[in-house]
Amino acid sequence: MKLPIYMDNQATTPVDPRVLELMIPWFTEKFGNPASSSHSFGWEADTAVKKARKQVADLIGADPKEIIFTSGATESDNIAILGVANFHKERGNHIITLVSEHKAVLDSCRFLESEGFDVTYLPVQDNGLIDLDLLVNAFTDKTILVTVMAANNEIGVIQPLAQIGALCRERKVYFHTDAAQGVGKYPIDVNKMNIDLLSISGHKFYAPKGVGALYVRRRPRVRLKPVMFGGGHERGIRSGTLPTPLLVGLGAACEIAAQDMESDNRRILALRERMRQGILGQLSDVVVNGDLEQRLAGNLNISFNYVEGESLMMAIKDVAVSSGSACTSASLEPSYVLRALGVNEEMAHTSIRFGLGRFSTEEEVDFVVKTIVKAVNKLREMSPLWEMAQEGINMDDIEWAAH
Amino acid sequence: MAYNDKVLDHYENPRNVGSFDKNDDNVGTGMVGAPACGDVMKLQIKVGDDGVINDAKFKTFGCGSAIASSSLVTEWIKGKSLDDALTIKNKDIAEELALPPVKIHCSVLAEDAIKQAITDYKKKQ
Ligand SMILES: Cc1ncc(COP(=O)(O)O)c(C=O)c1O
């Protein structure tokens with residue numbers, strides 16, 4: 001087993017060697033611009049791009065004509081949200097989203113608020129899932145767009161896209177989903193789920209960084225205004241020369257994901273459960289954040305009460321994870337996603353996100369469990385909060401100094 | 001975030017972790033920070049009849065820099081008179097551990113913890 005162990009697959013994934021191999025010739029030998037229609041260099045690149053477009057479309061049940069290639073989910077989210085809002089602002093200026101969305105969605109919405117749009121940020125339930133009744137009540141006759149993520153990047157909970165899609169379709173409101181964490185991980189079908197726009201990020205499922213896609217429905221047609229201008233590529237929605245090698249990689253990753261989804265998921269889920277039971281079986285006062293059923297197989301987000309997350313990460317330096325405590329940022333604010341679940345600030349500071357993936361092994365999981373248990377026990381011995389808890393002191397009864 | 005070697009050393013080999021009986025008259029206890037902010041430091045001093053801090057212990061809930069700051073001050077205050085201990089400033093701690101700007105609050109907490117522990121001790125006399 002090689003150290004350090006990578007357990008941060010929601011942050012990014014390695015490129016699958018099968019994907020990389022297919023990409024390589026497109027950097028050097030077959031480097032043509034897919035828009036060059038006057039020679040064979042362009043033609044072969046165009047053929048490769050067409051194939052990739054179909055591979056991406058097939059994974060989500062779309063038509064290749066509905067795929068716009070982008071640099072990743074951030075760009076796709078921006079194009080989708082700003083593009084729909086700007087095209088349809090005469091019809092309505094209201095957008096609905098969730099408080100637990102990725103910043104790419106939240107900050108696009110914030111920007112639109114500064115442009116005169118109204119945005120409803122729906123709270124989520126304690127398990128991280130949307131409350132559909134709240135959604136139903138949030139629609140107004142001005143609502144033009146609902147944007148709800150497929151799976152959450154911090155806690156891995158999977159939103160009920162089909163139900164949200166149905167509610168939107170009934171009301172003729174566009175439905176966008178940021179599926180950066182969902183695509184390639186579990187079945188998503190844009191037609192069955194009534195999704196109108198969907199953001200994809202390559203590097204979350206073993207394709208390279210810097211490439212992604214936006215699905216834009218053609219029937220009924222979703223119209224949007226571009227946010228960038230240029231050569232009119234990608235139906236004028238996303239100008240810029242297409243990066244053939246990256247697209248070949250994205251396409252290949254989609255095909256592999258479709259092929260291996262079931263077996264990958266079965267294996268990754270078993271590893272995650274091994275990890276969860278290993279940790280919960282050996283440590284008291286630990287809590288899994290977010291719903292355990294409606295959840296990505298590879299995500300485990302745990303609060304280790306009385307142990308601050310950043311110090312825990314230091315103690316397990318051979319394991320690459322990320323922390324729900326944003327103590328390194330100047331704000332000292334813990335994760336807004338955990339806060340949205342009603343996790344109190346103290347517990348949010350104690351949380352760690354473990355992200356398992358295609359290349360995680362049982363040996364790694366066992367090592368991580370052993371390392372974590374040892375580190376938590378050591379840090380609790382050093383924790384005044386743990387000491388007080390053992391003495392039966394209620395932390396809420398103490399008047400702590402303000403921030 | 002990459003940590004400085006001194007922080008790592010204190011974090012991996014913390015000095016003087018533990019607790020004294022807080023009801024002991026020779027013991028002063030300082031508890032600063034708040035769980036919601038992600039940092040709580042408990043610093044305890046044991047003061048001899050000569051008014052010199054002859055032992056110190058800490059427990060800290062917080063990031064590596066917070067743990068290192070409290071570990072460091074337990075070393076520094078041992079053998080100091082109360083007045084001398086009060087001259088330790090957060091700047092000294094931050095400099096010694098080369099804390100980056102976002103971690104300066106850890107050194108502030110450590111300074112506050114010393115002050116609180118001494119105040120608590122004096123109240124008991
Ligand atoms: C839910 C979600 N949306 C958007 C993004 C941004 O994706 P990208 O890095 O492809 O821009 C990420 C990844 O960081 C994500 O997890």
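**Salt bridges and cysteines**

Asp9(B) has a relative accessibility of 32% and therefore counts as partly exposed (buried is under 20% relative accessible area, exposed over 50%, and partly exposed in between, using a 1.4 Å probe and protein chains only). This is a predicted model, in which local features need pLDDT of at least 70 and side-chain atom pairs count only at pLDDT 80 or more, while totals for chains, interfaces and linings use all residues. Residues are numbered from 1 along each chain as its sequence is written, chains are lettered from A and ligands numbered from 1 in the order in which they are written, and side-chain values use heavy atoms, with hydrogens and water left out.

Over all chains, the structure holds 29 salt bridges.

A second pair in chain B joins Glu111(B) to Lys115(B), with 2.8 Å between the closest N and O atoms. Both residues sit in helix α5 (residues 104-124) of chain B, and they are 4 residues apart, so about one helical turn separates them (helices, H or I, of at least four residues and strands, E, of at least two are DSSP runs, numbered from the N terminus). Glu111(B) is buried at 9% relative accessible area, whereas Lys115(B), at 36%, is partly exposed.

In chain A, a salt bridge between Asp196(A) and Arg169(A) brings the closest N and O atoms to 3.1 Å. This pair links distant parts of the chain, 27 residues apart: Asp196(A) lies in the loop between β6 (174-178) and β7 (197-201), and Arg169(A) in helix α6 (residues 161-170). Asp196(A) is buried, with 3% relative accessibility, while Arg169(A) is partly exposed at 28%. Elsewhere in chain A, salt bridges link Asp16(A), Arg18(A), Asp260(A), Asp264(A) and Arg358(A) into a network.

Turning to the cysteines, the count of disulfides over all chains is 0 (a pair of cysteine sulfur atoms within 2.5 Å). A disulfide is a covalent bond between the sulfur atoms of two cysteines. For Cys109(A), the closest cysteine sulfur belongs to Cys168(A) and is 13 Å away, too far for a bond. Cys109(A) is buried, with a relative accessible area of 0%, and Cys168(A) is buried at 1%.

Conventions: A salt bridge is a side-chain nitrogen of Lys or Arg within 4 Å of a carboxyl oxygen of Asp or Glu.
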